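Work through the exercises below with the sequence and the 3D structure open beside you, and try each task before you read its solution.

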Amino acid sequence: MRAAWIAAFLAALLAVDTQVSLHEQFALGAVTWIVLMAVARTLAVERQAQVAVVVCAATIAEVTGSILWGVYHYRLHNLPTFVPPAHGLVFVAGLSLAEALRRNARVLVAVAAVAATTWGVLGLTALPRTDAAGALGVPLLLAFLWRSRARAAYAGVFLVVGCLELYGTAIGTWRWTPTLPGLGIPDGNPPSGVASGYVWFDVMALLLAPRLLGLVRRRRAAQPIEQPQVA
C-alpha cells in the first residue's frame, strides 16, 4: 500500500508540475518535503539514514547531470525543488515494494531483469530513438540484480523508477537530450539504463547509512553528561 500511494502521489506531482509557474513550483517542493518527512517518521532509524543519503547523492547527481552536463532538462530548465525529496520517496517506494513481495523476491528480481534487458535491446533495435547510452547502464543493473544481497530492493526501485521515467517524459516534465553532450552517444528518452544510477544511490545508502549512524552515536556517547547542580 505504501508503494502504491507514494507512486500515486509522485504521478500527481509530476502532472501538476506541467501546469505551474516557477513560484508555484516552490509550493510543490514544500509539499513534497513535508510528505517525505512524514513518511520518514514511520521508518526505522536505519532507513531514515538511508533516505538521507539517497537524497544527498541524488541531488548531487541531478545538479551534475541536468544543470552542469545537460544530459536532460526539466520543463523550466531548472532543478525543481520537489526533485530532491521525490528521490527519497522513490527509494522508500522501491523498498516498500520489495518488502511487500518478499515472499516472491525471486520473481520480482526476474521481472526487473527481463524488463531491463528487453528495454535495452529495444533501445538498440526498435525504439524511435537509438539508446546506446542507456544500454551501457543495463549490464551494471543486471550485475547488481544477480550478485547483490539487496537485489530485491534494487529490483523494486528499478520498477518504480522505470514507470516514473516513462510517465515523466511522456507528459513533458523532463526530457533527455538525443545524444550525450560532448560524447555524441545516442541516448533514449528516457534511457533504458537510467535506473542504474539509482542503483548507485541505493548502494551508497546501504553502505554509508550505518557508518553515518555509527558516527552520530559515537559523538553522542562522547558528549559529557551534565550533572545536576546542588543548591
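The model is predicted, so local features are taken only at a pLDDT of at least 70 and side-chain atom pairs only at pLDDT 80 or more, while totals for chains, interfaces and linings use all residues. Residues are numbered from 1 along each chain as its sequence is written, and side-chain values use heavy atoms, with hydrogens and water left out.

**Exercise 1. Describe the largest pocket by its volume, its lining and the classes of its lining residues.**

Step 1. Begin with the term: on a 1 Å grid over the protein atoms alone, a pocket is an open set of points with protein on both sides within 12 Å along at least five of seven lines, and its lining residues have an atom within 4 Å of a point. The grid points are joined across faces, edges and corners, and the volume is the space filled by probe spheres set on the points; the probe is one of 1.4 Å.

Step 2. With this term, the largest pocket has a volume of about 770 Å³. Its lining is made of 34 residues, and those nearest the centre are Y72, E165, W176, V194 and Y198.

Step 3. Two or more lining residues come from each of α1 (2–17), α3 (45–68), β1 (72–74), α4 (83–100), α6 (132–147), α7 (151–171), β2 (174–176) and α8 (194–222). Such helices (H or I, at least four residues) and strands (E, at least two) are DSSP runs, numbered from the N terminus.

Step 4. Sort the lining by class, counting Ala, Val, Leu, Ile, Met, Phe, Trp, Tyr, Cys and Pro as nonpolar, Asp, Glu, Lys and Arg as charged, and the others, Gly among them, as polar. The lining of the largest pocket then holds 23 nonpolar, 8 polar and 3 charged residues.

**Exercise 2. Find which helix gives the most residues to the lining of the second largest pocket.**

Step 1. The second largest pocket has a volume of about 340 Å³. It is lined by 20 residues, and L95, S96, L97, A98 and E99 are the closest to its centre.

Step 2. At least two lining residues are supplied by each of α1, α3, α4 and α7, and α4 gives the most, with 8 residues.

Step 3. By class, this lining divides into 15 nonpolar, 1 polar and 4 charged residues.

**Exercise 3. Name the residues that make a nonpolar surface patch of about 380 Å².**

Step 1. Patches are made of residues with over 30% relative accessible area and no salt bridge, with like charges joined within 9 Å and nonpolar side chains (Val, Leu, Ile, Met, Phe, Trp, Tyr) within 5 Å. Accessible areas come from the Shrake-Rupley method with a 1.4 Å probe, and for residues only the protein chains shown count as cover.

Step 2. The patch is made by W200, M204, L207 and L208. L208, a residue of helix α8, is partly exposed because its relative accessible area is 39%.

**Exercise 4. Describe the backbone at P190 and at H77.**

Step 1. Most residues other than glycine have a negative phi, and most peptide bonds are trans.

Step 2. The peptide bond that joins N189 and P190 is cis, with omega about 5 degrees, and P190 lies in the loop between β2 and α8.

Step 3. H77, which is not a glycine, has a positive phi near 55 degrees. H77 is placed in the loop between β1 and α4, and it counts as exposed because its relative accessibility is 60%.

Definitions and conventions. Salt bridge = Lys/Arg side-chain N within 4 Å of Asp/Glu carboxyl O. Buried < 20%, exposed > 50% of the residue type's maximum accessible area, 1.4 Å probe, protein only.
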